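Hi,

Here is the structure I promised to pass on to you. Have a look at it first, and then read on for what I found in it.

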Amino acid sequence: MEAERSAVLRVSWQERFAESPGVLKSPRRKQTVVPVRDFSVGGDAFITIAGPCSVETEHQVMTTAHHVRSAGARILRGGAFKPRSSPYAFQGHGIEGLKMLSRARAATGLAIVTEVMSECDVPLVAEYADILQIGSRSMENYALLEAAAQSGRPILLKRGMVATVADLLRSAQVILDNGNPNIILCERGIRTFETATRNTFDVAAIALVKQISHLPIIADPSHASGHRELVPALARIGVAAGADGLIVEVHPNPDKAWSDGEQSLTFGEFDDMMDSLEPYLAVRSNTSWKRSEEPLEAVG
Ligand code: PEP
Ligand code: MN
């Protein structure tokens with residue numbers, strides 16, 4: 001009943017997102033389930049992606065992969081081609097980083113997601129990765145979106161830091177129009193006047209996308225907050241908002257990380273965060289909630 005109701009989209013939403021009709025829910029298309037190796041994203045299972053911001057060393061990737069797998073993650077993240085705010089910061093190991101990721105996949109069975117920044121690199125990255133990540137800074141690079149879509153790999157499409165939900169859905173439409181239905185959206189925070197956090201976590205965007213689109217959406221509490229103390233709370237909020245999964249930065253020694261150490265969780269913090277999600281996931285799947293039939297007793 002609930003599913004049926006939510007498959008009927010109010011006309012006002014259809015009009016507002018008229019430029020991306022293919023990603024909107026319809027009676028024919030209620031939910032996209034993206035196949036990844038031996039599991040899927042957007043189905044019944046909640047999927048956690050975890051790993052370092054950047055692939056640094058064999059040891060760093062391997063220990064992180066083993067750890068996050070034991071804590072329940074299904075996908076290993078790690079940047080080999082890094083979009084950095086500073087041109088002088090570490091730009092990633094490139095192909096050597098891809099090889100380290102693929103060795104970690106072989107050792108752990110985790111799937112791999114990694115960013116592709118240039119359309120020229122799509123064939124190379126698609127050879128190694130199970131999912132191609134389109135980063136926030138590239139969300140509106142349509143030439144890249146087309147090339148990534150045509151690789152046939154599932155796409156993790158991160159919301160641009162100054163992109164509206166309509167912009168995000170338009171980019172998803174470009175991927176769809178290039179023959180690739182396997183799109184996972186990601187809310188990673190947007191720029192606002194607030195500077196205490198790195199970005200502002202737009203949790204309403206998750207609720208909205210769940211309401212109007214058949215595409216899965218995951219939350220990135222690491223880039224949304226920029227501070228590791230805030231990551232677990234934002235992760236729980238993402239779960240409560242209905243996200244299909246999480247992408248979280250984890251590092252064996254965050255203070256020594258080559259990028260985004262401030263927002264990376266230690267192994268222990270990641271374990272605690274994963275444990276803390278359980279009641280939120282349980283509440284979400286509890287459909288038996290009913291308004292009490294009993295009249296409320298007056299107090300006092
Ligand atoms: C990342 O995932 O490491 C990253 C660079 O994210 P974003 O594109 O959201 O800034
Ligand atoms: Mn990062």
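A polar side-chain atom of Lys-158 sits 2.9 Å from an oxygen atom of ligand 1, a polar contact being a pair of N or O atoms within 3.5 Å (within protein, one must be able to donate a hydrogen and the other to accept it, and residues adjacent in sequence count only if both atoms are side-chain atoms). The residues around ligand 1 include Pro-83, Ser-136, Arg-188, Cys-53, His-223 and Glu-249, where being near a molecule requires a heavy atom within 4 Å of it.

Before I go on, please keep in mind that this is a predicted model, in which local features need pLDDT of at least 70 and side-chain atom pairs count only at pLDDT 80 or more, while totals for chains, interfaces and linings use all residues. Residues are numbered from 1 along each chain as its sequence is written, chains are lettered from A and ligands numbered from 1 in the order in which they are written, and side-chain values use heavy atoms, with hydrogens and water left out.

Now to the metal. Which residues coordinate the manganese ion (ligand 2)? Cys-53 (SG), His-223 (NE2), Glu-249 (OE) and Asp-260 (OD) do, at 2.1 to 2.4 Å. Donors here are N, O and S atoms within 2.8 Å of the metal (3.2 Å for Na, K and Ca), and since water is not among the atoms, sites may look incomplete. Along the chain, the donors of the manganese ion follow the spacing C-x169-H-x25-E-x10-D. Glu-249 belongs to strand 10 (residues 245–249) and Asp-260 to the loop between strand 10 and helix 11 (267–285), so this pair ties together parts that are 11 residues apart in sequence. Helices (H or I, at least four residues) and strands (E, at least two) are DSSP runs, numbered from the N terminus. For background, most residues other than glycine have a negative phi.

Back to Lys-158, whose side chain makes a polar contact of 2.7 Å with that of Asp-220. Asp-220 lies in the loop between strand 9 and helix 9 (221–225) and counts as buried because its relative accessibility is 0%. A polar atom of the Asp-220 side chain is 3.0 Å from the backbone nitrogen of Ser-222. Apart from residues up to four places away in sequence, Asp-220 touches Lys-158, Cys-186, Glu-187, Arg-188 and Ile-247, contact meaning heavy atoms within 4.5 Å.

His-251 is found in the loop between strand 10 and helix 11. This residue is buried, with a relative accessible area of 5%. Its side chain has a polar atom 2.8 Å from the backbone nitrogen of Asn-253. Gly-261 is 10 residues from His-251 in sequence, and 7.6 Å away in space, C-alpha to C-alpha.

The largest nonpolar core has 70 residues, and Leu-132, Leu-157, Leu-185, Phe-270 and Met-273 have the most contacts inside it. Helix 7 (residues 165–177) gives the most to this core, with 8 residues. A second, separate core of 15 residues includes Ile-75, Val-113, Ile-131 and Ile-247. A nonpolar core is a set of buried Ala, Val, Leu, Ile, Met, Phe, Trp, Tyr and Cys residues joined through side-chain atoms within 4.5 Å.

In helix 8 (residues 203–212), the buried residues are Ala-205, Ile-206, Leu-208, Val-209, Lys-210 and Ile-212. Their cover includes helix 2 (11–16), helix 7, strand 8 (183–187), strand 9 (217–219) and helix 10.

Best wishes

Technical notes. Buried means under 20% relative accessible area, exposed over 50%, partly exposed in between (1.4 Å probe, protein chains only).
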